[in-house]
Amino acid sequence: TNIRIVVNDAPLLLEAGLDKVCDYVVALVADKELKIKRICQRDNIDEKTAESRLNIQNDDKFYTDKADFVIVNSKNCDLKNEIEKVLKEI
């Protein structure tokens, strides 16, 4: 086969220890307010519930410290372009 890249979208990649089988780890982070807004929209929940979910998770530094690449997914982020930059590096 000619498979050159396999992408594993795994929110708990580091916690599960699966980063050990990856050549590269890319962390995708956003500011807390934007995360809360996105969670509320996605799951149809209130801000307090979304914030409580975030508060039990590791903070962004946990992920960015262990990542080979970091993408900041802000409101103005061209996510496709940022992913293409990472793929060119890899």
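Which residues does Asn73 touch, not counting residues up to four places away in sequence? The contacts (heavy atoms within 4.5 Å) are with Leu28, Val29, Ala30, Leu34, Arg38 and Leu79. Asn73 sits in the loop between S2 and helix H4 (79-89); helices (H or I, at least four residues) and strands (E, at least two) are DSSP runs, numbered from the N terminus. With a relative accessible area of 14%, Asn73 is buried, where buried means under 20% relative accessible area, exposed over 50%, and partly exposed in between (1.4 Å probe, protein chains only).

A word on the model itself: it is predicted, so local features need pLDDT of at least 70 and side-chain atom pairs count only at pLDDT 80 or more, while totals for chains, interfaces and linings use all residues. Residues are numbered from 1 along each chain as its sequence is written, and side-chain values use heavy atoms, with hydrogens and water left out.

Now for the rings. Rings of Phe, Tyr and Trp (its six-membered ring) pair if their centres lie within 6.5 Å, and planes under 30 degrees apart count as stacked, over 60 as edge-to-face and the rest as tilted. By this rule there are two aromatic pairs. Tyr24 and Phe69 make a tilted one, 5.9 Å centre to centre with 50° between the planes. This pair links distant parts of the chain, as Tyr24 is in the segment before S1 and Phe69 in strand S2 (residues 69-72), 45 residues apart. Tyr24 is partly exposed at 41% relative accessible area, whereas Phe69 is buried at 17%. In the pair of Phe62 and Tyr63, the ring centres are 4.9 Å apart and the planes stand at 90°, so this pair is edge-to-face. Phe62 counts as partly exposed at 22%, and Tyr63 is buried at 18%.

Tyr63 also turns up in the largest nonpolar core, along with Leu13, Leu14, Val25, Ala27 and Ala67. Such a core is a set of buried Ala, Val, Leu, Ile, Met, Phe, Trp, Tyr and Cys residues joined through side-chain atoms within 4.5 Å. Apart from it lies another core, of five residues, including Ile36, Cys40, Ala50 and Leu54.

Back with Leu14, its contacts are Asp19, Phe62, Tyr63 and Lys66, not counting residues up to four places away in sequence.

Finally, Ile5 lies in the segment before strand S1 (26-29). Ile5 is partly exposed, with a relative accessible area of 47%.
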